[in-house]
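Subject: Structure handover

Hello,

Here is the structure I said I would pass on. Please open it alongside this message and follow the residue numbers as you read.

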Amino acid sequence: LVGAGPGDPDLLTRKAERLIATADIVFHDALVGPGVLALVPPSVELVSVGKRSGRHSKDQRTIDALIVEAALVGRRVVRLKGGDPSIFGRSSEELEACHAVHICPGITAASAAAADLGLSLTLRGTARRLTFVTAHTKRGGVPPLDWAALADPQATLAVYMGKAAAPHVSAGLIAAGLAPDTPVALVENASLPKGSQFRTRLDLLPIAAKTALGDGPALFLIGAAVAEPNASSSLETRERLSREDISSFAAH
Ligand code: SAH
């Protein structure tokens, strides 16, 4: 069970790359980016078992069965999942289906989103808690979240799969006491060249989720840590450090 990271192939671990290169067969999600899939050698069989809301392909049981079947005939199986497999990766079903599983962690989307925004998810004295939460239920609809527990002004909230539930997230947190002007960042396609970031405030999150996001994977970061950086860590300077600068720096 291998974490593929947020999309940028450079954010794959060396271990993940090695496991992919030496596999017999790789089963991957729709979330695993093309850059990562390009690292799978042509000799390795590549099977998409992608699930993205709306476009359902294979159900969980079929995926489990395919994995087990391949392993039982002695093939080296890699199950490649977006981000970190232990975070909203529905890994438990697949772990249960198999007896011997090795897990290779990956960089989760919240880390990549924070990096794209150039900020820290935790802030000494301001954001002492970091919560990963999903606002997605199996059948769609409103997730039964404990808003009172989530509405902590000293926390950073990373909301995965929150697009459809954005109005509930905003209303739930404000009703539970979080300030309507709490900073929010929406990050789509984190770590990828087509990535985009949008900053807003909690009460405007529903409209921002509707208008600022395309159909890529997106994450919300909510809390004081997400506030615009102060003058000393000039955003402009960081923006001038474009992706090209960084890759040419990395190449040296
Ligand atoms: N295991 C994954 C999360 C799977 S749930 C991880 O650790 O990142 C899928 C959700 O993750 C998406 O709906 C989105 O909210 C988030 N996500 C995954 N990749 C992302 C990316 N590149 N940019 C923004 N959000 C992403």
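This is a predicted model: local features need pLDDT of at least 70, side-chain atom pairs count only at pLDDT 80 or more; totals for chains, interfaces and linings use all residues.

The whole chain

The protein chain contains 10 helices and 11 strands. Of its 252 residues, 41% count as buried. The accessible surface of the chain is about 13,700 Å², and carbon and sulfur atoms account for 56% of that. Among contacts between residues at least 6 apart in sequence, 66% join residues at least 24 apart.

The ligand

There are 17 residues around the ligand, and those that come nearest are Ile-87, Thr-108, Met-161, Ala-190 and Ala-218. By type, this shell divides into 12 nonpolar residues, four polar and one charged.

An oxygen atom of the ligand lies 2.5 Å from a polar backbone atom of Ala-218. For Asp-84, a polar backbone atom is 2.8 Å from a ligand oxygen. With Thr-108 the side chain is involved: one of its N or O atoms is 2.6 Å from an oxygen atom of the ligand. Taken alone, the ligand would expose 540 Å², and the protein buries 92% of that.

In soluble globular proteins, nonpolar side chains tend to be buried together. Here the largest nonpolar core has 22 residues, and those with the most contacts inside it are Val-159, Val-169, Leu-173, Leu-186, Leu-205, Phe-220 and Ile-222. At least two residues of this core come from each of helix H6 (147-150), strand E8 (155-160), helix H7 (166-175), strand E9 (183-188), helix H8 (205-211) and strand E11 (218-222).

A second, separate core has 16 residues, among them Ala-16, Ala-23, Val-40 and Val-78.

In H7, the buried residues are Ala-166, Val-169, Ser-170, Gly-172 and Leu-173. These buried residues pack against H6, E8, H8 and E11. Just after H7 comes Gly-177, with a positive phi of about 115°.

Helix H5 covers residues 109-117, and its buried residues are Ala-110, Ala-112, Ala-113, Ala-114 and Leu-117. Gly-118 follows H5 and also has a positive phi, near 70°.

Two backbone angles

Most residues other than glycine have a negative phi. Which residues other than glycine have a positive phi here? Met-161 is one of them, with a phi near 50°. Met-161 sits in the loop between E8 and H7, and is also one of the residues that come nearest to the ligand. Asn-189 is another, with a positive phi of about 50°. The place of Asn-189 is the loop between E9 and strand E10 (196-201).

Are these two residues buried or partly exposed? Buried means under 20% relative accessible area, and exposed means over 50%. Asn-189 has 10% relative accessibility, so Asn-189 counts as buried.

Regards

How values were computed. Residues are numbered from 1 along each chain as its sequence is written. Side-chain values use heavy atoms; hydrogens and water are left out. A residue is near a molecule or strand if one of its heavy atoms lies within 4 Å of it. A polar contact is a pair of N or O atoms within 3.5 Å; within protein, one must be able to donate a hydrogen and the other to accept it, and residues adjacent in sequence count only if both atoms are side-chain atoms. Accessible areas come from the Shrake-Rupley method with a 1.4 Å probe; for residues, only the protein chains shown count as cover. Ala, Val, Leu, Ile, Met, Phe, Trp, Tyr, Cys and Pro count as nonpolar, Asp, Glu, Lys and Arg as charged, and the others, Gly among them, as polar. A nonpolar core is a set of buried Ala, Val, Leu, Ile, Met, Phe, Trp, Tyr and Cys residues joined through side-chain atoms within 4.5 Å. Buried means under 20% relative accessible area, exposed over 50%, partly exposed in between (1.4 Å probe, protein chains only). Helices (H or I, at least four residues) and strands (E, at least two) are DSSP runs, numbered from the N terminus. Contact means heavy atoms within 4.5 Å.
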